[in-house]
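Please open the model in your viewer and keep the selection panel at hand. The tour below goes from one selection to the next and says what is there at each stop.

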Amino acid sequence: MEIKHKIWLEKNGRVVFGQGRDNLLKAIEECKSLNAAAKKLNMSYRAAWERLKASEERLGIKLVERSSGEALRLTAEAKAFIQEFD
């Protein structure tokens, strides 16, 4: 027998952040691309985009930004958020 649990953050009854979004941001950091991150996580680009945008809107912060060469990178706020969530 094992105890299992899931933790996520909500704001006004809507998911802001959880393990799935944590995994998505870590994949973006590794792959430098939302499309590649979505593929790595076996999800559609659209689903990844919608989750990312929803979290940014609900948190009121940018989680990713474009670096030189059009690669995506996590913002300092996103990195801090991941560290606190982990």
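Leaving aside its neighbours within four places in sequence, which residues is Ser55 in contact with? Select Ser55 first, bearing in mind that the model is a predicted one, and display what surrounds this residue: with those neighbours within four places set aside, Ser55 is in contact with Val16, Arg21 and Leu63. Ser55 lies in helix α3 and is buried, its relative accessible area being 1%. If you now show the side chains of Ser55 and Arg21, you will find a polar contact between the two, at 2.7 Å.

Next, select helix α1, residues 19-31, together with helix α3, residues 45-59. The axes of α1 and α3 come within 11 Å and cross at roughly 105 degrees. An angle of 65 to 115 degrees counts as roughly perpendicular, and α1 is therefore roughly perpendicular to α3. To see the contact itself, highlight Arg21, Leu24, Leu25 and Ile28 on the α1 side, and Ala48, Arg51, Leu52, Ala54, Ser55 and Arg58 on the α3 side. Coloured by residue class, the residues of this contact between α1 and α3 divide into six nonpolar, one polar and three charged.

Moving on, select Leu63, whose place is in the loop between α3 and β3, the strand β3 being residues 64-66. Is Leu63 buried or exposed? With a relative accessible area of 1%, Leu63 is buried. Residues up to four places away in sequence are not counted in what follows: Leu63 touches Leu25, Leu52, Ser55, Glu56, Arg73, Leu74, Thr75 and Ala78. For a distance to check in the viewer, pick the C-alpha atoms of Leu63 and Leu25, which are 8.1 Å apart in space while the two residues are 38 apart in sequence.

**α1 against α4**

For the residues involved, select Gln19, Asp22, Leu25, Lys26 and Glu29 in α1, which meet Ala78, Lys79, Ile82 and Phe85 in α4. The residues of this contact of α1 with α4 divide into four nonpolar, one polar and four charged.

Glu56 is a charged residue by class, and with a relative accessible area of 6% Glu56 is buried. Which side chain does the side chain of Glu56 make a polar contact with? The partner is the side chain of Lys53, at 2.6 Å. Not counting residues up to four places away in sequence, Glu56 touches Ile61, Lys62, Leu63 and Val64.

From that list, take Ile61 as the next selection; its place is in the loop between α3 and β3. At 26% relative accessibility, Ile61 counts as partly exposed. With residues up to four places away in sequence again left out of the count, Ile61 touches Glu56 and Glu77. The C-alpha atoms of Ile61 and Glu77 are separated by 7.5 Å, and these residues are 16 apart along the chain.

**The loops on either side of α2**

For the last stops, go to helix α2, residues 34-40, and select Lys32 in the loop between α1 and α2. Phi of Lys32 is near 65 degrees, a positive value in a residue other than glycine, and Lys32 is partly exposed, with 38% relative accessible area.

Within α2, select Lys39, which is exposed at a relative accessible area of 59%.

Finally, select Asn42, which is found in the loop between α2 and α3. Although Asn42 is not a glycine, this residue has a positive phi of about 55 degrees. Is Asn42 buried or exposed? Its relative accessible area is 73%, and Asn42 is exposed.

Conventions: Residues numbered from 1 in each chain as written. Predicted model: local features only at pLDDT ≥ 70, side-chain atom pairs only at ≥ 80, totals over all residues. Heavy atoms only, no water. Axes fitted to C-alpha atoms, helices over the stretch in contact; angles between N-to-C directions. Helix = DSSP H or I, 4+ residues; strand = E, 2+ residues; numbered from the N terminus. Contact = heavy atoms within 4.5 Å. Buried < 20%, exposed > 50% of the residue type's maximum accessible area, 1.4 Å probe, protein only. Polar contact = N/O pair within 3.5 Å; in protein donor to acceptor, adjacent residues only side chain to side chain. Parallel < 35°, antiparallel > 145°, perpendicular 65-115°, else oblique.
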